[in-house]
Amino acid sequence: RTTTVCLRSDLVILILDPFTTKLLSSCCKMSDLMSEKITIVEDLYKSREPVLEMKAIYFMSPTAKCVDAFIADFKPKPKYKAAYVYFTDYCPDDLFNNMKLYCAKYIRVCKEINMSFMPQEAQVFTCDNPGAFRSIYSPKSSDKQKTLETLADQLVTLCATLDEYPGVRYKKENNTENAKILAELVDSKLEGHIFMCMFPLFHLQGKTQAQLLIVERGFDPVSPILHELTYQAMAYDLIDIQNDTYKYKSKDDLKDGCKTIHLQLAEDCMQQFSNNVEKLCKAEQDLAVGSDVDGVKVKDPMRTLLPVLLHPYSTHDKIRAVLLYIFSLNGTTDENLSKLIQYVKIEEEREFILNWKELGVPIITAPSSIFSRKQSRRDRSQEQTYNLSRWTPVIKDVMEDAVENKLDTREWPHQSECPAAWNGSGAVSARQKHKASAQDERRTGSRLIIFIIGGISYSEMRSAYEVTQAVKSCEVIIGSSHILTPTSLLDDIKGLSKGPMEPFTLEERSNA
């Protein structure tokens, strides 16, 4: 949803906090801002010289730190002629009253635009909160409930931005309840007083023909651990990309064009693939899928794993292979795990493996229970696949089942239901606005929104596009607390053993 600010012919200053800086950067360029007569973009927290002849637009998170910084710009003396304030989310009454008390005569506009999530791609969003993983899954966390509350608030603003009032479902798990808790929080906030005041039509017209499904990271531990061979996933896995920035040395003094850069990146990926990954992939796929390229069942996963352990791969690659072996068995014996840990030489770093239990993933099981908890999967034997890319993320099964109205209500309870007619067949919400755009023309049906607690992999992101393209009557939107890579996930898993965390608030996240 776009908000246009008209300030006549005056030139204006745009003031952002760290979170809104990221958010705006993902949506527009400086040239777009300049066309709206914005000449300067400033950091809310940095010292700035007064410019009394100019008006200022403040786009910021509704936190005490942001509001205090705003008040400091006008107390005791104003830095700008007037202020136009836009919050990403609902501003608590105490903060709003503070602004009113000290700055009322300078504030021309104060609005909440309800967009406290990060639009990552056309069909992908995040809450820009990697710290949520440890807050939710660490047994020593002191702010789990607060983190889930924040995620719920962000999901509600997503629904508001999409003009959707969805039915909410969650994946029922035996040993974790985070998905259930988050589903309850989201549905409660959607029905709550604040949301009803902001969007009264939602409650007058009732639920839209959209579903929000909430699952936990432990639901599919395989997808984020595998070596994924599509371009985007491969680049983030094999190349040292920090803050979405790829650094490389140019081969000549000429300025490289975007084609050239992608060729260099692809070349770097292929070099890593040829040196290390190609031989790993066959073993990984056999362990993940449970059969080889000819469809012959893997009867002894240890025989598949052993060549990987004997080869001089990196420790991280061996850990990933060991995890896939354990996942293929739904857990192994304590004795067998000790041998594997000794073999990989991670006696002092066994948390890389053991801490998966905090996500509800079975690591240690009694011999009698092995092979007893395998998930049923959709039959994809007739689909064309590459030998080294045979695995399909479990979330893609979920997407397809949801669209076809085949999700088992015992495994996927309804926290609240959308209209019973929803089946991805093309029924459209009365509030969905139809504009003459390619994106809207392509999507003529309902929406399926999926949220994965604890991080999302690139292969899962890709699944949303694949299902949307195949079905066409339903747009699948997928999101999470953050986007992960195999390396970052392993580091997060290991970090679950660390001491208590300081409370992690939306304010601190916006300053990260």
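Modeller: Helices here are DSSP runs of H or I with at least four residues, strands are runs of E with at least two, and both are numbered from the N terminus. The model is a predicted one, in which local features need pLDDT of at least 70 and side-chain atom pairs count only at pLDDT 80 or more, whereas totals for chains, interfaces and linings use all residues. Residues are numbered from 1 along each chain as its sequence is written, and side-chain values use heavy atoms, with hydrogens and water left out.

Biologist: Where does Q154 lie, and is Q154 buried or exposed?

Modeller: Q154 lies in helix α6, which spans residues 144-161, and Q154 counts as buried because its relative accessibility is 1%. For its side chain one needs the polar contact, a pair of N or O atoms within 3.5 Å; within protein, one atom must be able to donate a hydrogen and the other to accept it, and residues adjacent in sequence count only if both atoms are side-chain atoms. A polar atom of the Q154 side chain lies 2.8 Å from the backbone oxygen of S116. The C-alpha atoms of Q154 and M118 are separated by 9.4 Å, although the two residues are 36 apart along the chain.

Biologist: Which residue caps the N-terminal end of α1?

Modeller: That residue is D17, with a side-chain oxygen 3.0 Å from the backbone nitrogen of F19. Helix α1 covers residues 18-25, and its buried residues are P18, F19, T20, L23 and L24.

Biologist: How should I read the packing of two helices?

Modeller: Two packed helices are described by the angle between their axes and the distance between the axes. The axes are lines fitted to C-alpha atoms, for helices over the stretch in contact, and angles run from 0 to 180 degrees between N-to-C directions. Angles under 35 degrees count as roughly parallel, over 145 as roughly antiparallel, 65 to 115 as roughly perpendicular and the rest as oblique. Helix α3 (residues 64-72) and helix α4 (residues 93-103) pack at about 5 degrees with their axes 10 Å apart, and α3 and α4 are therefore roughly parallel. Their contact joins A64, V67, F70 and I71 of α3 to L95, N98, M99, Y102 and C103 of α4.

Biologist: At what angle do α12 and α14 pack?

Modeller: Helix α12 (residues 301-310) and helix α14 (residues 334-344) pack at about 25 degrees, with their axes 10 Å apart, which means that α12 is roughly parallel to α14. A crossing is left-handed if the near helix is turned anticlockwise from the far one by less than a right angle, and right-handed if clockwise; the crossing of α12 and α14 is left-handed. Here M302, L305, L309 and L310 in α12 meet N336, L340, Y343 and V344 in α14.

Biologist: How does α13 run relative to α14, roughly parallel or roughly antiparallel?

Modeller: The axes of helix α13 (residues 315-329) and α14 come within 10 Å and cross at roughly 165 degrees, so α13 is roughly antiparallel to α14. This crossing is right-handed. The residues T315, K318, I319, V322, Y325 and I326 in α13 meet N336, L337, L340 and V344 in α14.

Biologist: What should I look for in the backbone of the loops?

Modeller: Most residues other than glycine have a negative phi, and most peptide bonds are trans. The peptide bond from K75 to P76 is cis, with omega near 5 degrees, and P76 is found in the loop between α3 and β4 (80-87). K37, in the loop between α2 (30-35) and β2 (38-43), has a positive phi near 70 degrees, and K37 is partly exposed at a relative accessible area of 36%. D128, in the loop between β7 (124-126) and α5 (132-137), has a positive phi near 50 degrees, and D128 counts as buried at 16% relative accessibility.

Technical notes. Buried means under 20% relative accessible area, exposed over 50%, partly exposed in between (1.4 Å probe, protein chains only). Contact means heavy atoms within 4.5 Å.
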